[in-house]
Amino acid sequence: MRSAAALLAAVLVGSPLFGFTTEVRGGEEKAPLVLRVAPTGDLGPRRDNRFADLPLALARVAALRRQGEGRAIVVELEPGTHRISVPVRIGPDHAGTAGSPLILRGAADGSSRLVGSVPLAPASLPLRLRARLTASARGAVRAYQLPEALRREPAYRAPRRLRETHPRVTEIFDADGALRPAQWPNPGPNPGPNAGPNSGWATVATAAPGGLDFTPEDAPRLPDLALEREMWAEGFWRWDWLMETLPVAGVDRRRRLELAEPPYEGIRAGARMRLVHALGALDEPGEWWRDRESGLLLAWPSPGAASLEASLAETLIRADGARHLRIERIRLERARGDLVVVQGGEDIEIRASEMAWAAGRAAVFEGVTGGGVSGSTVHDIGASAVRLVGGDRATLQRGGLFVRDTRFTRFSRLSQTQSSAIELDGVGAEASGNLMTDAIGYAIYLRGNDHLFRGNEVARLIHGLSDTGAIYAGRDFTARGSIIEDNYIHDIRTVPGMEVKGIYLDDMASGFTIRRNLFVDVQQPVFIGGGSDNTITRNVFVASSPMVALDARGLTWMKPSLTEADSEFRAAFAAMPLDAPPWRMRYPKLAEALNDEPGVARNNQIVDNVSIGSDDLALTDKAEAGRQIILFNTRLDGPVPNPGDLDALARFTAKRGVTLRLDPSKMRRDGLPASPFTDARR
């Protein structure tokens, strides 16, 4: 497994690890053609092959390809900031070959930034707005003029509901990152993914039937909301695994709030909630509010902030049908949606780059054959970070997509639930050698077939949530064949009264292989929610209890989903050609599964695992041990070594005559740098 630093070094010396940078014809190497792009605002001369912006350079690439240029072409962003307001588009007309690709590359020192934000000009603060501020804010809040495109927006963001996992959101930035829309209550002195579950939240005191009207617990302490015209409320309205953000339709004199539409399954008393984008709540540094009437932004800048910027571009790079494309050594930042979107095409890779501060996702690959993300740093992403969808489930043909040797931190910062560092869908994608840590979202969401999650470190995730897992899959009985192996999963816990899992095979997820993983201080390390044909073998569980939990929910509360013809579960089952090859050959009994006691959890193989200071197995909801294969598991009691000392763990087991079939000392991903650039700012 190569570290991000090694990958970057390979780029700098032109290693074939990342494909050829020269073309070879008849034994003679041809150097790539290099086009250079000046940073925004550069007034230097435009020499041959030096362009004012990236779209102009790419237009030249397309012209060269039409003229028959067969060499590799490098479009090099010179040091500095390159601003865009609309997506840069790359398509089939820019394509080279596998040996002579198009390479979009930043400067060797890592100082090339492609950003979708624009600076904001200072403006006068109108007296009518100043009068609505709290006394402490009146001397600190500043006004800025928004660009015309943002002034016309009816709302600064789109709603976030159950199915809308990555809504468009306008964000305001200073040099350190994103400010937040004025919020009540404030998040407190130590916000972050591991803050307490009530940090920055109020609770619902009462809710009316129908799920639209509610009163916060601290209603008497609310700011004056009578004049608010674009206020939002977000909360864990019914479940602690789902946060939704919805517009507020009105507030009455008793400070009872009405939402524009009900959350999923309504509102319960005691639910966590907060108000967002209220001028009356603009009361501390790092907050902002937009006045739709005047087009002004009001902000209390963070200490030392010299200027502010607003995200404007929906996406930075959009590749549709592109082929043989490399994006490397670039900082990609600040989009209202996703940073990079790749639709169709083949052999496309983002490598040795930094992706940050997207309101949506960092990179999306859909319908692509071959490619992915490697040796990069991904942080401060609003929703899921990287989404890979490739291959063909009907034929079980692999897509060949991957995420390798990449560090993920502080993803899911806006869409805090149902978001992950990596989403794998389709067939045959790989996530290996990555670090996913310090976020409220999942490490990975697995959908589809035959994926590989190997050699990753997963730590300090999903804190403050409940009924969810760091590694998650579920609700599709046909999504089989994925392997979770050789991972180090640790420090996955929440707060009293809530429960989380390390690996959560939810709602009948079946056919997974979980082997040679090390679980340390994980609340429920492996949880099988009604599924069958899963293999859990040669794993080590330290202070993680119970080792495996299993229920047969298909016989209890989930039974209607298995019997009702229009259920989500049966729709997923019907979508696959189970009677046709290769499905019939791979899974000969699957086509008849709905007629053979589908609700019974069976044939789960729990074999040859080691538990240290942990209970072995928990069976609930009519799950039966006799329906499973449970053999050769070893439980070690006694003083448990410090969970963080992996060397002590190896000594502990050796003294008791137990051989671990994994090497704890090699399972950390500490070699991945905080940034692949030597002058990293964060």
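Ground rules. The model is predicted, so local features need pLDDT of at least 70, side-chain atom pairs count only at pLDDT 80 or more, and totals for chains, interfaces and linings use all residues. Residues are numbered from 1 along each chain as its sequence is written, and side-chain values use heavy atoms, with hydrogens and water left out.

Confidence comes next. pLDDT is the predictor's confidence in each residue, from 0 to 100. The protein chain has a mean pLDDT of 91. In that chain, 93% of residues reach 70 or more. Where does pLDDT stay under 50? One stretch is residues 1-27, with 56 contacts beyond four places in sequence in the model. Another is residues 678-682, with 18 such contacts. Contact here means heavy atoms within 4.5 Å.

Now a sheet. Helices (H or I, at least four residues) and strands (E, at least two) are DSSP runs, numbered from the N terminus. Two strands pair if DSSP finds at least two bridges between them. This sheet is open, has 5 strands, and runs in the order β11-β12-β24-β23-β15. Its pairing is mixed. Which strands stand at the edges? They are β11 (121-123) and β15 (180-181). Each has a single partner strand, so one side of each is left without a neighbour in the sheet. Look at β15: 2 bridges join it to β23, residues 287-291, and the two run parallel. R180 stands opposite E287 in β23.

On to the cores. A nonpolar core is a set of buried Ala, Val, Leu, Ile, Met, Phe, Trp, Tyr and Cys residues joined through side-chain atoms within 4.5 Å. Buried means under 20% relative accessible area, exposed means over 50%, and partly exposed is in between (1.4 Å probe, protein chains only). In soluble globular proteins, nonpolar side chains tend to be buried together. The largest nonpolar core here has 99 residues. Those with the most contacts inside it are V75, L332, L339, F365, F408 and L461. Another core lies apart from it, with 33 residues, among them A182, A202, A219 and L296. Back to L461. Beyond four places in sequence, its contacts include F411, M436, Y442 and I492.

Salt bridges now. How many does the structure hold? There are 63. A salt bridge is a side-chain nitrogen of Lys or Arg within 4 Å of a carboxyl oxygen of Asp or Glu.

First pair: E328 and R105, at 2.6 Å, N to O. E328 is in strand β27 (residues 323-328) and R105 in strand β8 (residues 102-105), so the pair ties together parts 223 residues apart in sequence. Both E328 and R105 are buried.

R334 lies in strand β28 (residues 331-335) and E309 in strand β25, so parts 25 residues apart in sequence are tied together. R334 has 5% relative accessibility, so it counts as buried. E309 has 12%, and it counts as buried too.

R515 sits in strand β48 (residues 513-515) and E485 in strand β45 (residues 483-485), so the link spans 30 residues of sequence. Is R515 buried or partly exposed? With a relative accessible area of 27%, R515 is partly exposed. E485 is buried, at 1%.

There is also a network. Salt bridges that share partners join R475, D506, D507, D551, R553 and E568.

R553 deserves a stop. It lies in the loop between β53 (548-551) and α5 (559-563). R553 is buried, at 5% relative accessibility. Its side chain makes a polar contact with the side chain of D506, at 2.8 Å. A polar contact is a pair of N or O atoms within 3.5 Å; within protein, one must be able to donate a hydrogen and the other to accept it, and residues adjacent in sequence count only if both atoms are side-chain atoms.

L308 lies between β24 (296-300) and β25 (309-311). L308 is buried, at 1% relative accessible area. Its C-alpha is 8.4 Å from that of A121, 187 residues apart along the chain.

Finally, P577, in the loop between α6 (568-574) and α7 (583-586). P577 is partly exposed, at 30%. Beyond four places in sequence, P577 is in contact with A394 and W583.
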